[in-house]
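Biologist: Please put the structure up, and then I will ask about it piece by piece.

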Amino acid sequence: MNRVGPAVQIEYCTQCRWLPRAAWLAQELLTTFEAELTELSLKPGTGGVFVVRVDDEVVWDRREQGFPEPTAVKQAVRDRVAPGRSLGHSDKVSQE
């Protein structure tokens, strides 16, 4: 049975050896949004890329925004997959 729902992709630079960072962020997102996401993929890239997409929409690009803190990415993903949902402590930290 195929579930229909949002898919997240993290594209990371293999030349920069950013797989561990991408995998860690993937784990954070899967833990937070395990009921909402139907897929999370890691896409090897080159040239310093580190981009997070939800259904092909860029929600974080390292070139424009720098390396993301997990809280910032969780908020960006939440805004697309579960608007209005509280992230608990993560939301409180960002508002202080």
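Modeller: What follows is a set of questions and answers on a predicted model.

Biologist: In which sense do β1 and β3 pair, parallel or antiparallel?

Modeller: The two strands are joined over five bridges. The sense of the pairing of β1 and β3 is antiparallel.

Biologist: Which residues have the most contacts inside the largest nonpolar core?

Modeller: Nonpolar side chains tend to be buried together in soluble globular proteins. The largest nonpolar core here has 25 residues. Two or more residues come from each of β1, α1, β3, β4 and α3. Those with the most contacts inside the core are V8, I10, L29, V52 and V77.

Biologist: With which residues is I10 in contact, leaving aside its neighbours within four places in sequence?

Modeller: I10 is one of the residues with the most contacts inside the largest nonpolar core. Its sequence neighbours within four places are left out of the list. The contacts of I10 are then A22, L25, A26, L29, L40, S41, L42, K43, F50, V51 and V52.

Biologist: Why do W18 and F67 count as an edge-to-face pair?

Modeller: Ring centres must lie within 6.5 Å for a pair, and planes over 60 degrees apart make the pair edge-to-face. The centres of W18 and F67 are 4.7 Å apart, so the rings pair, and the angle between their planes is 85°.

Biologist: How many residues apart in sequence are the parts that W18 and F50 tie together?

Modeller: W18 and F50 form an edge-to-face pair, 6.3 Å centre to centre. W18 lies in the loop between β1 (7-13) and α1 (19-32), and F50 lies in strand β3 (residues 50-54). The parts tied together are therefore 32 residues apart.

Biologist: Is F67 buried, partly exposed or exposed?

Modeller: Buried means under 20% relative accessible area and exposed means over 50%. The value for F67 is 30%, so F67 is partly exposed.

Biologist: Which residue lies over the face of F67 at 3.6 Å from the ring centre?

Modeller: Two charged residues need to be told apart here. The charged end of R62 sits over the ring of F67, but 5.8 Å from its centre. At 3.6 Å, the residue is R21.

Biologist: What is the phi of R17, which is not a glycine?

Modeller: Most residues other than glycine have a negative phi. R17 lies in the loop between β1 and α1, and at 70% relative accessibility R17 counts as exposed. Its phi is positive, at about 60°.

Biologist: Where does D55 lie?

Modeller: D55 also has a positive phi, of about 50°, although it is not a glycine. At 46% relative accessibility, D55 counts as partly exposed. D55 lies in the loop between β3 and β4.

Conventions:
Residues numbered from 1 in each chain as written. Predicted model: local features only at pLDDT ≥ 70, side-chain atom pairs only at ≥ 80, totals over all residues. Heavy atoms only, no water. Phe/Tyr/Trp six-rings, centres within 6.5 Å; stacked < 30°, edge-to-face > 60°. Helix = DSSP H or I, 4+ residues; strand = E, 2+ residues; numbered from the N terminus. Buried < 20%, exposed > 50% of the residue type's maximum accessible area, 1.4 Å probe, protein only. Lys NZ or Arg CZ within 6 Å of the ring centre and 35° of its normal. Pairing = 2+ DSSP bridges. Core = buried A, V, L, I, M, F, W, Y, C linked by side-chain atoms within 4.5 Å. Contact = heavy atoms within 4.5 Å.
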